[in-house]
Amino acid sequence: MSYLLLYSGENGQTKKIILKITEYLRKEGKQCDVRDLNMDKNFNLSVYQKVLVGASIRYGHFNPAVLNFAQNHQKELNTMPSAFFGVNLTARKKGKDTPETNVYVRKFLAKTPWRPTITSVFAGALCYPQYNWFDRIMIQFIMKITGGETNINKEIEYTDWQKVEYFAREFNALK
């Protein structure tokens, strides 16, 4: 059996996190099927031992495909070891970096019928030069009102890779 690792993201940081988790799991001898939740829609979860879903926030919301997946597969997900993590820039701040204190992850978990065995939240990356004009201005505005970086020439990766590896270990240890 293998693990299914799904991701949903816009700018690549969620995929980067999933691939880092995959790298750790493969070193531990696990088979991992990594898929983009925005591209793939049909899943047979019965062929997997565990499922992990990672999703990023875009303008205050996870992609609807994440909630649809959770709703469509809730029975299977709730009977097997499963995990969820959210990625957002709010998590760069102490006190907003846990599933209990991060508003986006908390709202998602309250809305979904799926009850992941473990959850986490990771800070994403701020990559102004990669954004289109509209996104750059909107994100700069959001960062200004939240006390973040506003220099549009900067790229900052806030992801705590040790926290990601710890989560990968937790996921691998699930029974």
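Leaving aside residues up to four places away in sequence, Ser-2 touches Gln-31, Val-47, Tyr-48, Gln-49 and Lys-50, where contact means heavy atoms within 4.5 Å. Ser-2 lies in strand 1, residues 2-8; strands (E, at least two residues) and helices (H or I, at least four) are DSSP runs, numbered from the N terminus. With a relative accessible area of 13%, Ser-2 is buried. Here buried means under 20% relative accessible area, exposed over 50%, and partly exposed in between, with a 1.4 Å probe and protein chains only. Ser-2 and Val-51 are 49 residues apart in sequence, and their C-alpha atoms are 9.1 Å apart in space.

A word on what you are viewing: this is a predicted model, in which local features need pLDDT of at least 70 and side-chain atom pairs count only at pLDDT 80 or more, while totals for chains, interfaces and linings use all residues. Residues are numbered from 1 along each chain as its sequence is written, and side-chain values use heavy atoms, with hydrogens and water left out.

## The overall fold

The protein has 6 helices and 8 strands. Read from the N terminus, the elements run β-α-β-β-β-α-α-β-α-β-β-α-β-α. The C-alpha atoms fill a box of roughly 45 × 35 × 30 Å along the principal axes. The radius of gyration is 16 Å, which agrees with the value near 16 Å for a compact globule of 175 residues; it is taken over C-alpha atoms, and the globule rule is 2.2 Å times the number of residues to the power 0.38.

Buried residues make up 46% of the 175 residues. Among contacts with a separation of 6 or more, 75% are between residues 24 or more positions apart. The protein exposes about 9,300 Å², and carbon and sulfur atoms supply 50% of that area; accessible areas come from the Shrake-Rupley method with a 1.4 Å probe, and for residues only the protein chains shown count as cover.

## Salt bridges

How many salt bridges does a search of the whole structure find? The search finds 9, each being a side-chain nitrogen of Lys or Arg within 4 Å of a carboxyl oxygen of Asp or Glu. One of them joins Lys-16 and Glu-157, with the closest N and O atoms 2.7 Å apart. This pair links distant parts of the chain, as Lys-16 is in helix 1 (residues 13-27) and Glu-157 is in strand 8 (residues 155-157), 141 residues apart.

Another bridge pairs Asp-135 with Arg-58 at 2.6 Å between the closest N and O atoms. Asp-135 lies in helix 5 and Arg-58 in strand 3, so this bridge ties together parts 77 residues apart in sequence. Asp-135 is buried at 7% relative accessibility, whereas Arg-58 is partly exposed at 26%. Together with Glu-10, these residues are linked in a network of salt bridges.

Ile-137 sits in helix 5, residues 133-145, while Tyr-59 is in the loop between strand 3 (48-58) and strand 4 (61-62). Tyr-59 has a positive phi of about 50°, although it is not a glycine.

The structure holds 0 disulfides, a disulfide being a pair of cysteine sulfur atoms within 2.5 Å. Cys-32 is buried at 11% relative accessibility, and Cys-127 is buried at 13%.
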